[in-house]
Every structure is written in structure tokens, then in C-alpha cells.
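Please read it alongside the sequence and coordinates shown here.

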Amino acid sequence: MLLIIIKGNVALDVARILLRCTTELASTDIADYALDALRSSTIRKVYLVGRRGPVQAACTAKELREILGLKNVNVYIKEADLATSPADKEEMRNSRIKRRVYELLSKAATVHQENNDNDRKELHFVFFRKPTKFLPSEDGSTVGAMELEKTLLKDDGATGKQVAVGTGEFEELKCGIVLKSIGYKSLPIEGLSFDKYRGVVPNLRGRVLSSESETATVEPGLYVVGWLKRGPTGIVATNLHCAEETVDSILEDDRKGLFTDPSGPKRQGRRGLLEILEQKNARYVPFDGWEKIDTKEKADGELKNKPREKITRWNELLEAAREG
């Protein structure tokens, strides 16, 4: 059974979980129900398909290095896909991350692969291919293959970036499962300015701006964070830095007294938020409740030699938050 995933950090994470030895996964914080499913999985080959080339791979070196280092997994990359154009070389000169990712993929392509046996799985990187159509299996009950169009890179003429364009040449790749991981784009929020091209709310270090123009002013008391602030990029550490930057802006504005205007409406702060939640009969967990959940998960995990045993049901989470 084959699996196709469109490239990116999320795709690498999915492929890594599917290909990693379940004995190793058992010592992580993976949920038991997921581990049971992986133990019975028949997936032996994973194909990572991307429209552009290895230089444009939308992943970071750390995540790529981790999946390339999996035990009992043969990695396959066509040497022809690693050929670089002058534009590719320019991209790598301007980006250390792109250069490092390309180096890791090039090294993996030259590593001698051991003979296949029943214990070894396969990871295939497929570049310059654009999925165009799902093809059914013989009985029509599942997907049987994916139609791919070969692509090449061209300058888009506007941003200077290389984009993939179809060549009109097609091929089929047999598969039993297809997972899409093709990115995310935020939607506009009524009443706020929105950059449709980047999919973000214009902001200055998290402070919402009135428009996208150079003369835009800060909307007092409005802040943004995460992908709505900067676009769908980065890893967990990126999100942490992003959140810290916005919180710093909030604290800075608070020190300036922007939230204590005597002529403005009285702000209730945390108390007001709790009142709103109670009015809506929303079930929420306060921080001390989260701490109880954290303690229980770690204690349960210790019994199984794991970092934690995740609680995956909402009612069980609420029960753990009330304990103690």
C-alpha cells in the first residue's frame, strides 16, 4: 500500500510517524489508539510529491534530517531532480535554510540503499510533479492511483519567485491512500483590513494596522498573532517567538497607559472574559486546571516509561482538571 503526501513540514511529520519503528514510537507521548493503528498498518512505501524542486522544498533542515535518519528505511531521490538552474543557485545563496535542505537531499540521494526486505520501508521524494486527478481502484471503493503532471519552474514575473507550471505531460502513480498537506491560508475577519495575497492582517509587531498602506495607523487595543499575523510558516519555536513579540507589544502599550483611558469604556480584563464565557455556558479549563492535566499525563506516562500519556477525550480532560 502506498501513501502520497504533498511536501512540507507537516507532510514530513506524517511520513515520519508512518515509517518509524513502532517500538521506538512506544516510548514517545503518542496516544495508544494511534500506536495500535500503526502496529497494524500495511503501509510500506511513502511518496512525498511536490510541484517544485528540492531547492524550493517547503520544510526545515531539522525536520528533514530527522526523517532521513530513520532506521530500516530506504530513501529514494532521482539524481535528475537534483539538477540546479542559475535561479536555484541564487535562491540558495540568499537562504541558508534552502541551501541546507538541498545539501541534505543531495547527500541522501548518494547514500547506498540496502537490499529491500520485509523489514525495510521506503521513502520516495518525487519532485516536479503536480497532482491533477484521483483515479479509482478497480472496484471503485478506494483511490487506486494519482495522475501527476510533470512541471518545470518559471519566474512569475511579479515577485521574482520561481513557480511550477505544467508541461502537459502526465503519468500515474499507484497508491492506496492519499493525504493532502498543501498549506493553509487565513480568511478575512469582518471589520479588519486584510492582505489577500499574503493571507494576513496587516500589523506592526502584532499591533493591528488600519490598512496595508504606508500611512496606515495602529488600531488601538487590537492585536494579532500566529498565522493570521505572519502567514502559514515556521515551526513550534517560530510560533513561540511570534506570540512573545505580540505580548511584548501589549505590555508596552499597557505601560504607556493605552488601556486606562478614563474617558473610554471601562475594561474588565480577565474578570470580563470569565463573565462572557459563563454567559455563553462555555466549558473552559483555567490555568490551574491545565496544570492538573499536565501532572496527571506525566504521572500516567511514567508508569509506561513514556514522557506522558495523553488524555484524548474531552470529558476525561475536564475530570482531570477538577481533581485535587
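Residues 24 or more positions apart account for 61% of the contacts in the chain with a separation of 6 or more, a contact being heavy atoms within 4.5 Å. This is a predicted model, in which local features need pLDDT of at least 70 and side-chain atom pairs count only at pLDDT 80 or more, while totals for chains, interfaces and linings use all residues. Residues are numbered from 1 along each chain as its sequence is written, and side-chain values use heavy atoms, with hydrogens and water left out.

**Overall make-up**

- The chain has eleven helices and eleven strands; helices (H or I, at least four residues) and strands (E, at least two) are DSSP runs, numbered from the N terminus.
- Along the principal axes, the C-alpha atoms fill a box of roughly 75 × 55 × 40 Å.
- Of the 324 residues, 35% count as buried, where buried means under 20% relative accessible area, exposed over 50% and partly exposed in between (1.4 Å probe, protein chains only).
- The accessible surface of the chain is about 20600 Å², with 53% of it belonging to carbon and sulfur atoms; the areas come from the Shrake-Rupley method with a 1.4 Å probe.

**Aromatic pairs**

- A search of the whole structure finds three aromatic pairs; rings of Phe, Tyr and Trp (its six-membered ring) pair if their centres lie within 6.5 Å, and planes under 30 degrees apart count as stacked, over 60 as edge-to-face and the rest as tilted.
- One of them is the stacked pair of Phe125 and Phe127, at 6.3 Å centre to centre with 10 degrees between the planes.
- Phe125 is buried at 4% relative accessibility, and Phe127 is buried at 0%.
- Tyr223 and Phe259 form an edge-to-face pair, with centres 6.4 Å apart and planes at 80 degrees.
- Tyr223 belongs to strand β11 (residues 218-223) and Phe259 to the loop between α8 (236-255) and α9 (269-279), so this pair ties together parts that are 36 residues apart in sequence.
- Tyr223 is partly exposed at 23% relative accessibility, and Phe259 is partly exposed with a relative accessible area of 23%.

**Lys306**

- Lys306 sits in the loop between α10 (287-302) and α11 (314-322) and is buried, at 9% relative accessible area.
- The Lys306 side chain reaches the backbone oxygen of Ile30 at 2.9 Å.
- Beyond its neighbours within four places in sequence, Lys306 is in contact with residues including Ala26, Asp29, Asp32 and Gly301.

Technical notes. A polar contact is a pair of N or O atoms within 3.5 Å; within protein, one must be able to donate a hydrogen and the other to accept it, and residues adjacent in sequence count only if both atoms are side-chain atoms.
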